[in-house]
Amino acid sequence: MAGEATGRHAGLSRLPEDTFDFEVTSELESLDMLSGHTRARDALDFGTSMRSEGFNLYVLGHPGHGKHQLVGRFLAERSRSEPTPPDIAYRYNFEDPSQPLHLLLPNGMGRMLRTDLELLAEELRSAIPAVFEGDEYQNRLHELKQAMGERQRDNVEAVRREAREHDILLLSTPNGFTFAPATADDKMMTPEEFEQLERDERERIEGTVQVLQKKLAQAIRRMPRLAKQLREQITALNQEMLQTAIEAPLAELEERYTDHDGIQDHLGAIREAMVLHVDSFIADEPEMPPEAIFSRFQINLIVDNTDCEGAPVIYLDLPTHQHLVGRIEHHVHNGTLLTDYSLIRAGGLHRANGGYLVVDVRALLMHAGAWETLKRVLRAGEIRTESLEQAYGLISTTTLEPEPVPLDLKVVLLGERLFYYLLCENDPDFLELFKVQADLEDELERNHGNQPLYARMVATLARESALRPLDRSAVAAVIERASRLADDQSKLTARHRP
């Protein structure tokens, strides 16, 4: 075999140095490394411009092509002119805490909203206690209690006055109230004096006492209802005073974010929750402390595109299920695992949403469930953050079910031709989801048009690797070597790596 190879290249002509019009490669401009891969470039142009479902891409080529670098440069250039996608955040769901709600915000607004909500909580921490400690609240609360106390006393006094009209006294004792016949000088009649009364008089007094006892019982039964009314009045007062503390700060934020329905809904839910739990700001030991309410103001900003220029290009080097769709973390409290919306973490699909996700197909197929997860997300058109066990119904533990995030991206798979044809043959979903293939050339024609391009490619690789410039004799030697690697003196290998 060695003898055959030697013979096959024996007629290979040496490339003259004067073929090139430069002295060293530092004189040459860098080259787009997709030059020479015309079909692949056309496929990438087509695939990235098609916004319809299923037009994701599979880039085929030998490992020596440096697919990641080639495609990365193309997408980076392409994405600069594309719109920057929105920020992605999760907010507390006051109606169902187990199902956090997502917020899609214009890029940069997520960071601003998070700061505004932190400042809102800080302002209310001092404004609310000040209202309830103020003279207006204390005076109105005293008036309510005083008025209710008078109503309660009036009910008893009405019975007391009626009793006195019938020469009967209503007396307060440690065990409650009791009735007793009165003497002429308004003193309680002794049992002996009562026995000395005429029989008809005694029967009159006893009958009257029975009627008065019923009226007194009715007055006493009204006491809890009056106490309930007082509590309702105090609650209404508390809510009114709380509204005065929170109205201006909330109204300012509602005005600032007037064009964003999701934020308006969140601010409205904050208002309702605070009014509903007004006792948390007054009671000495409330069931729900104020900090628990303030913590629900915040948003969990899982994707912040403030500093993103154009559309994102994300290369996911470890494409596991969790790294694709994100995860929900837990913390331990008193030996129990707990979680909430603030512990939702973004996956590669979240970060690439609105742009491009680049994945090596070999790595994708090596991780359990990852390929099926990616297909499920692309079919559904939404990112559902859940554990692999949840996705396959292997656990029944109650956990969070975050609202799915709408998906809008291109997935670009990088892989060898073998994997492409295996997926075509064995997975009926593959060609429906990855309708565009970009096949990189293994060889280029060795001609007067491609040799200068090859020289620029050599210059580009040397520059990127921080190597010293090559003179033209070295470039000629590289091109001769490229023909040998192509095993054909009329061809040049298109692979950038061995």
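Entry 1: I began with Tyr90 and found its bridge partner in β6 to be Asn300. This is a predicted model, so I kept that in mind throughout.

I then looked at the whole sheet, which is open and has three strands in the order β3-β2-β6, with antiparallel pairing. Why is one side of β3 and of β6 left without a neighbour in the sheet? Both β3 (101–105) and β6 (299–303) stand at the edges, and each has a single partner strand. From one strand to the next, I noted an average twist of 30°. Helix α4 (residues 109–133) packs on this sheet and touches β2, β3 and β6. The direction of α4 makes about 160° with that of β6.

**Entry 2: aromatic rings.** My search of the whole structure gave 13 aromatic pairs. I opened Phe46 and Phe55 and found ring centres 5.8 Å apart. Their planes are at 75°, and an angle over 60 degrees counts as edge-to-face, so I logged the pair that way. Is each of these two buried or exposed? Phe46 is partly exposed, because its relative accessibility is 41%, while Phe55 is buried at 16%.

Next I took Tyr92 and Tyr341, whose ring centres lie 5.9 Å apart with planes at 65°, so this pair is edge-to-face.

**Entry 3: Asp265.** I found Asp265 in helix α8 (residues 261–276). With a relative accessible area of 48%, Asp265 is partly exposed. Glu254 is 11 residues from Asp265 in sequence, and their C-alpha atoms are 9.6 Å apart.

**Entry 4: the whole protein.** The protein has 18 helices and 18 strands, and 41% of its 498 residues count as buried. Its accessible surface comes to about 27,100 Å², with 49% belonging to carbon and sulfur atoms. Of the contacts with a separation of 6 or more, 74% are between residues 24 or more positions apart.

Methods. Residues are numbered from 1 along each chain as its sequence is written. This is a predicted model: local features need pLDDT of at least 70, side-chain atom pairs count only at pLDDT 80 or more; totals for chains, interfaces and linings use all residues. Side-chain values use heavy atoms; hydrogens and water are left out. Helices (H or I, at least four residues) and strands (E, at least two) are DSSP runs, numbered from the N terminus. Buried means under 20% relative accessible area, exposed over 50%, partly exposed in between (1.4 Å probe, protein chains only). Contact means heavy atoms within 4.5 Å. Accessible areas come from the Shrake-Rupley method with a 1.4 Å probe; for residues, only the protein chains shown count as cover. Two strands pair if DSSP finds at least two bridges between them. Axes are lines fitted to C-alpha atoms, for helices over the stretch in contact, and angles run from 0 to 180 degrees between N-to-C directions. Rings of Phe, Tyr and Trp (its six-membered ring) pair if their centres lie within 6.5 Å; planes under 30 degrees apart count as stacked, over 60 as edge-to-face and the rest as tilted.
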